[in-house]
Amino acid sequence: MNYTIQASQRTPALIIYLIDISASMNMLMEDRRRIDVVYEALSLAIRQMVFRSTKGNRLTPRYRIAILAYSDDVYDLLNGIKGIDEIAAIGSLPDLTPKRFSDSAKAFLQAEKILQSEIPNMQDCPAPLVCHMTDGVSTGDDPEPIARRIMSMSVPDGNVLVENIFISDHLMNQPITEPRRWKGILTDTSLEDEHARKLKMMSSVLPESYREMLLEADYQLSPGALMMLPGTCSELVSIGFQMSAATPVR
(Lines give C-alpha, C1' and ligand atoms only; values in the text may rest on other atoms or scores of the structure.)
Protein backbone atom coordinates (compact mmCIF):
# COMPACT_ATOMS: atom_id res chain seq x y z
CA MET A 1 0.00 0.00 0.00
CA ASN A 2 2.06 2.93 -1.14
CA TYR A 3 -0.26 5.87 -1.98
CA THR A 4 1.80 6.92 -4.99
CA ILE A 5 -0.82 7.23 -7.75
CA GLN A 6 -1.06 10.87 -8.72
CA ALA A 7 -4.32 12.75 -9.02
CA SER A 8 -4.90 13.47 -12.71
CA GLN A 9 -7.78 14.06 -15.09
CA ARG A 10 -7.83 10.34 -15.93
CA THR A 11 -7.31 9.23 -12.31
CA PRO A 12 -8.96 11.90 -10.14
CA ALA A 13 -8.73 11.84 -6.35
CA LEU A 14 -11.99 11.52 -4.38
CA ILE A 15 -12.28 13.49 -1.13
CA ILE A 16 -15.39 13.28 1.05
CA TYR A 17 -15.70 16.00 3.69
CA LEU A 18 -17.83 15.36 6.78
CA ILE A 19 -18.43 18.67 8.54
CA ASP A 20 -19.99 18.87 12.01
CA ILE A 21 -22.48 21.77 12.08
CA SER A 22 -23.77 21.26 15.63
CA ALA A 23 -24.71 24.30 17.74
CA SER A 24 -21.28 24.45 19.43
CA MET A 25 -19.76 25.45 16.07
CA ASN A 26 -21.14 28.93 16.89
CA MET A 27 -18.58 29.18 19.71
CA LEU A 28 -15.69 31.56 19.17
CA MET A 29 -12.13 30.75 18.19
CA GLU A 30 -9.72 33.68 17.84
CA ASP A 31 -12.70 36.11 17.79
CA ARG A 32 -14.49 34.27 14.99
CA ARG A 33 -17.12 31.55 15.06
CA ARG A 34 -15.61 28.07 14.71
CA ILE A 35 -17.84 27.47 11.69
CA ASP A 36 -16.33 30.52 9.94
CA VAL A 37 -12.78 29.30 10.63
CA VAL A 38 -13.73 25.92 9.13
CA TYR A 39 -15.48 27.48 6.12
CA GLU A 40 -12.40 29.58 5.38
CA ALA A 41 -9.99 26.63 5.79
CA LEU A 42 -12.10 24.41 3.52
CA SER A 43 -12.39 27.21 0.94
CA LEU A 44 -8.59 27.65 1.01
CA ALA A 45 -8.02 23.89 0.52
CA ILE A 46 -10.40 23.95 -2.46
CA ARG A 47 -8.57 26.97 -3.94
CA GLN A 48 -5.32 25.01 -3.63
CA MET A 49 -6.90 22.05 -5.45
CA VAL A 50 -8.05 24.44 -8.19
CA PHE A 51 -4.49 25.83 -8.41
CA ARG A 52 -2.98 22.33 -8.61
CA SER A 53 -5.50 21.38 -11.30
CA THR A 54 -4.80 24.39 -13.52
CA LYS A 55 -2.37 24.17 -16.44
CA GLY A 56 -2.16 27.44 -18.34
CA ASN A 57 -5.77 28.59 -18.50
CA ARG A 58 -7.22 25.09 -18.44
CA LEU A 59 -8.67 23.54 -15.31
CA THR A 60 -8.43 19.75 -15.39
CA PRO A 61 -10.75 17.90 -12.99
CA ARG A 62 -8.12 16.00 -11.00
CA TYR A 63 -10.16 16.14 -7.79
CA ARG A 64 -13.75 15.03 -7.11
CA ILE A 65 -15.37 16.26 -3.94
CA ALA A 66 -18.42 15.56 -1.77
CA ILE A 67 -19.28 17.77 1.21
CA LEU A 68 -21.65 16.33 3.80
CA ALA A 69 -22.58 18.65 6.68
CA TYR A 70 -24.15 16.87 9.62
CA SER A 71 -26.16 17.72 12.69
CA ASP A 72 -29.18 15.53 13.60
CA ASP A 73 -29.31 14.77 9.87
CA VAL A 74 -26.83 14.76 7.00
CA TYR A 75 -26.98 17.53 4.40
CA ASP A 76 -25.34 16.93 1.02
CA LEU A 77 -24.11 20.44 0.25
CA LEU A 78 -23.02 19.81 -3.35
CA ASN A 79 -25.83 17.36 -4.28
CA GLY A 80 -23.49 14.46 -4.94
CA ILE A 81 -19.86 14.37 -6.01
CA LYS A 82 -18.65 17.35 -8.05
CA GLY A 83 -15.44 17.79 -10.03
CA ILE A 84 -13.11 20.59 -8.90
CA ASP A 85 -13.88 22.33 -12.22
CA GLU A 86 -17.61 22.37 -11.39
CA ILE A 87 -16.92 23.72 -7.89
CA ALA A 88 -14.64 26.43 -9.31
CA ALA A 89 -17.43 27.43 -11.70
CA ILE A 90 -19.89 27.86 -8.80
CA GLY A 91 -17.40 30.28 -7.24
CA SER A 92 -18.03 29.74 -3.52
CA LEU A 93 -19.10 26.94 -1.23
CA PRO A 94 -22.66 26.69 0.10
CA ASP A 95 -23.08 28.31 3.52
CA LEU A 96 -22.58 26.27 6.66
CA THR A 97 -25.28 27.07 9.23
CA PRO A 98 -24.93 25.49 12.68
CA LYS A 99 -27.95 23.46 13.79
CA ARG A 100 -28.36 21.35 16.96
CA PHE A 101 -26.79 17.95 17.61
CA SER A 102 -23.97 16.05 15.95
CA ASP A 103 -24.72 12.53 14.77
CA SER A 104 -21.37 11.64 13.19
CA ALA A 105 -22.30 7.96 12.72
CA LYS A 106 -24.98 9.04 10.22
CA ALA A 107 -22.38 11.06 8.30
CA PHE A 108 -19.87 8.19 8.24
CA LEU A 109 -22.63 5.84 7.04
CA GLN A 110 -23.40 8.13 4.14
CA ALA A 111 -19.68 8.37 3.30
CA GLU A 112 -19.52 4.56 3.36
CA LYS A 113 -22.43 4.36 0.88
CA ILE A 114 -20.73 6.83 -1.47
CA LEU A 115 -17.50 4.81 -1.31
CA GLN A 116 -19.29 1.52 -1.95
CA SER A 117 -20.70 2.89 -5.19
CA GLU A 118 -17.52 4.74 -6.26
CA ILE A 119 -14.68 2.32 -5.46
CA PRO A 120 -15.43 -0.19 -8.26
CA ASN A 121 -14.72 2.58 -10.80
CA MET A 122 -11.64 3.92 -8.97
CA GLN A 123 -9.20 1.03 -9.39
CA ASP A 124 -6.59 3.21 -11.15
CA CYS A 125 -7.15 6.28 -8.94
CA PRO A 126 -5.49 7.50 -5.74
CA ALA A 127 -6.98 5.95 -2.60
CA PRO A 128 -10.06 7.97 -1.57
CA LEU A 129 -9.98 10.09 1.57
CA VAL A 130 -12.67 10.92 4.13
CA CYS A 131 -11.91 14.13 6.07
CA HIS A 132 -14.04 14.50 9.21
CA MET A 133 -14.16 17.80 11.10
CA THR A 134 -15.86 17.93 14.50
CA ASP A 135 -15.76 19.94 17.71
CA GLY A 136 -17.23 17.54 20.19
CA VAL A 137 -18.73 14.31 21.33
CA SER A 138 -21.02 12.59 18.88
CA THR A 139 -24.70 12.26 19.78
CA GLY A 140 -26.11 9.07 18.35
CA ASP A 141 -24.50 5.74 17.48
CA ASP A 142 -20.80 5.01 17.79
CA PRO A 143 -19.08 6.12 14.56
CA GLU A 144 -15.92 4.06 15.18
CA PRO A 145 -17.11 0.69 13.73
CA ILE A 146 -18.23 2.49 10.55
CA ALA A 147 -14.93 4.40 10.29
CA ARG A 148 -13.08 1.08 10.72
CA ARG A 149 -15.09 -0.48 7.88
CA ILE A 150 -14.27 2.52 5.70
CA MET A 151 -10.56 2.21 6.55
CA SER A 152 -10.64 -1.46 5.52
CA MET A 153 -11.97 -0.59 2.02
CA SER A 154 -9.22 -0.29 -0.56
CA VAL A 155 -8.09 0.28 -4.13
CA PRO A 156 -4.72 -0.91 -5.50
CA ASP A 157 -3.14 2.43 -4.40
CA GLY A 158 -4.00 1.72 -0.74
CA ASN A 159 -6.74 1.63 1.87
CA VAL A 160 -9.25 4.45 2.13
CA LEU A 161 -7.75 7.18 4.32
CA VAL A 162 -9.69 8.68 7.22
CA GLU A 163 -8.60 12.02 8.67
CA ASN A 164 -10.01 13.81 11.72
CA ILE A 165 -9.80 17.50 12.57
CA PHE A 166 -10.93 17.98 16.16
CA ILE A 167 -11.61 21.55 17.25
CA SER A 168 -10.95 21.54 20.96
CA ASP A 169 -8.98 23.45 23.57
CA HIS A 170 -8.28 20.52 25.87
CA LEU A 171 -6.80 17.90 23.62
CA MET A 172 -3.06 18.00 24.22
CA ASN A 173 -1.32 18.42 27.57
CA GLN A 174 0.99 21.05 25.97
CA PRO A 175 -0.28 23.82 23.72
CA ILE A 176 1.03 23.83 20.15
CA THR A 177 2.71 27.20 19.88
CA GLU A 178 4.30 26.81 16.44
CA PRO A 179 1.97 24.89 14.09
CA ARG A 180 4.53 24.82 11.27
CA ARG A 181 7.13 23.14 13.52
CA TRP A 182 4.68 20.70 15.08
CA LYS A 183 5.52 17.03 14.56
CA GLY A 184 1.98 15.70 14.66
CA ILE A 185 0.04 13.19 16.75
CA LEU A 186 1.79 9.80 16.78
CA THR A 187 0.32 6.44 17.80
CA ASP A 188 1.89 6.82 21.25
CA THR A 189 0.89 10.47 21.81
CA SER A 190 -1.25 10.69 24.94
CA LEU A 191 -4.44 12.70 24.59
CA GLU A 192 -6.32 14.30 27.48
CA ASP A 193 -9.80 13.93 26.08
CA GLU A 194 -11.74 10.68 25.81
CA HIS A 195 -13.43 11.72 22.56
CA ALA A 196 -10.03 12.65 21.10
CA ARG A 197 -8.72 9.18 21.95
CA LYS A 198 -11.67 7.70 20.06
CA LEU A 199 -10.99 9.89 17.00
CA LYS A 200 -7.34 8.86 17.16
CA MET A 201 -8.44 5.22 16.77
CA MET A 202 -10.38 6.34 13.67
CA SER A 203 -7.42 8.14 12.01
CA SER A 204 -5.16 6.69 9.31
CA VAL A 205 -1.38 7.01 9.32
CA LEU A 206 -0.31 9.92 7.08
CA PRO A 207 1.09 8.41 3.85
CA GLU A 208 4.67 9.40 3.11
CA SER A 209 3.62 10.91 -0.25
CA TYR A 210 1.17 13.22 1.55
CA ARG A 211 3.82 14.10 4.13
CA GLU A 212 6.20 15.15 1.34
CA MET A 213 3.52 17.40 -0.19
CA LEU A 214 3.03 19.02 3.24
CA LEU A 215 6.81 19.41 3.69
CA GLU A 216 6.86 21.43 0.47
CA ALA A 217 4.31 23.73 2.14
CA ASP A 218 6.75 23.97 5.08
CA TYR A 219 4.90 21.76 7.57
CA GLN A 220 7.24 19.51 9.55
CA LEU A 221 5.07 16.49 10.40
CA SER A 222 7.14 13.45 11.31
CA PRO A 223 7.00 10.04 9.60
CA GLY A 224 4.26 7.91 11.13
CA ALA A 225 2.14 10.90 12.19
CA LEU A 226 -1.59 10.20 12.21
CA MET A 227 -4.09 12.03 10.02
CA MET A 228 -5.47 13.79 13.07
CA LEU A 229 -5.24 17.51 13.72
CA PRO A 230 -6.04 19.18 17.03
CA GLY A 231 -7.81 22.31 15.87
CA THR A 232 -6.65 24.52 18.72
CA CYS A 233 -6.05 27.49 16.40
CA SER A 234 -7.14 28.49 12.91
CA GLU A 235 -3.74 27.59 11.40
CA LEU A 236 -4.01 23.98 12.64
CA VAL A 237 -7.55 23.74 11.24
CA SER A 238 -6.16 25.02 7.95
CA ILE A 239 -3.30 22.46 7.98
CA GLY A 240 -5.94 19.78 8.48
CA PHE A 241 -7.85 20.77 5.37
CA GLN A 242 -4.59 21.12 3.41
CA MET A 243 -3.64 17.60 4.52
CA SER A 244 -6.89 16.28 3.03
CA ALA A 245 -5.86 17.69 -0.35
CA ALA A 246 -2.21 16.57 -0.24
CA THR A 247 -2.72 13.72 -2.74
CA PRO A 248 0.46 13.54 -4.83
CA VAL A 249 0.32 15.54 -8.07
CA ARG A 250 3.01 16.28 -10.58
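Some ground rules come before the tour. Because the model is predicted, local features need pLDDT of at least 70 and side-chain atom pairs count only at pLDDT 80 or more, while totals for chains, interfaces and linings use all residues. Residues are numbered from 1 along each chain as its sequence is written, and side-chain values use heavy atoms, with hydrogens and water left out.

UniProt, in an unreviewed entry, places the feature "domain: VWFA" at residues 14-214; its positions are given in the numbering used here, its feature names are shortened, and its annotations may be inferred rather than shown by experiment. In the model, the end C-alpha atoms of that span lie 18 Å apart. The span is 32% helix and 22% strand, where helices (H or I, at least four residues) and strands (E, at least two) are DSSP runs numbered from the N terminus.

Next come the strands. Strand S1 covers residues 13-20, and eight of its eight residues are buried, buried meaning under 20% relative accessible area (exposed is over 50% and partly exposed lies in between, with a 1.4 Å probe and protein chains only). Both faces of S1 are covered: Ala13, Ile15, Tyr17 and Ile19 sit on one side, with Leu14, Ile16, Leu18 and Asp20 on the other. As for neighbours, strands pair if DSSP finds at least two bridges between them. S1 runs parallel to strand S6 (residues 63-70), with eight bridges joining the two, and Leu18 has Leu68 as its bridge partner there. S1 also runs parallel to S9, this time with five bridges. Here Tyr17 is partnered with Cys131 and Ile19 with Met133.

S9 itself spans residues 129-134, and six of its six residues are buried. Leu129, Cys131 and Met133 point one way from this strand, whereas Val130, His132 and Thr134 point the other way. S9 is joined by six bridges to strand S12 (residues 161-166), and these two run parallel as well. In that pairing, Val130 stands opposite Val162.

What about Cys131 and disulfides? A disulfide is taken as a pair of cysteine sulfur atoms within 2.5 Å, and the count by this rule comes to zero. Cys131 is in no disulfide, and its nearest cysteine sulfur is that of Cys233, 16 Å away. Seen from the other end, the sulfur closest to that of Cys233 is in Cys131, and the 16 Å between them is too far for a bond. Both residues are tucked away: Cys131 is buried with a relative accessible area of 0%, and Cys233 is buried with 14%.

On the helical side, H3 (residues 104-118) and H4 (residues 144-152) have axes that come within 9 Å and cross at roughly 20°. Axes here are lines fitted to C-alpha atoms, for helices over the stretch in contact, with angles from 0 to 180 degrees between N-to-C directions. H3 and H4 are therefore roughly parallel to each other, since angles under 35 degrees count as roughly parallel (over 145 is roughly antiparallel, 65 to 115 roughly perpendicular, and the rest oblique). H3 passes H4 in a left-handed crossing, meaning that the near helix is turned anticlockwise from the far one by less than a right angle (clockwise would be right-handed).

Thr247 is buried, with a relative accessible area of 3%. Thr247 and Ala41 are 206 residues apart in sequence, and 17 Å apart in space, C-alpha to C-alpha.
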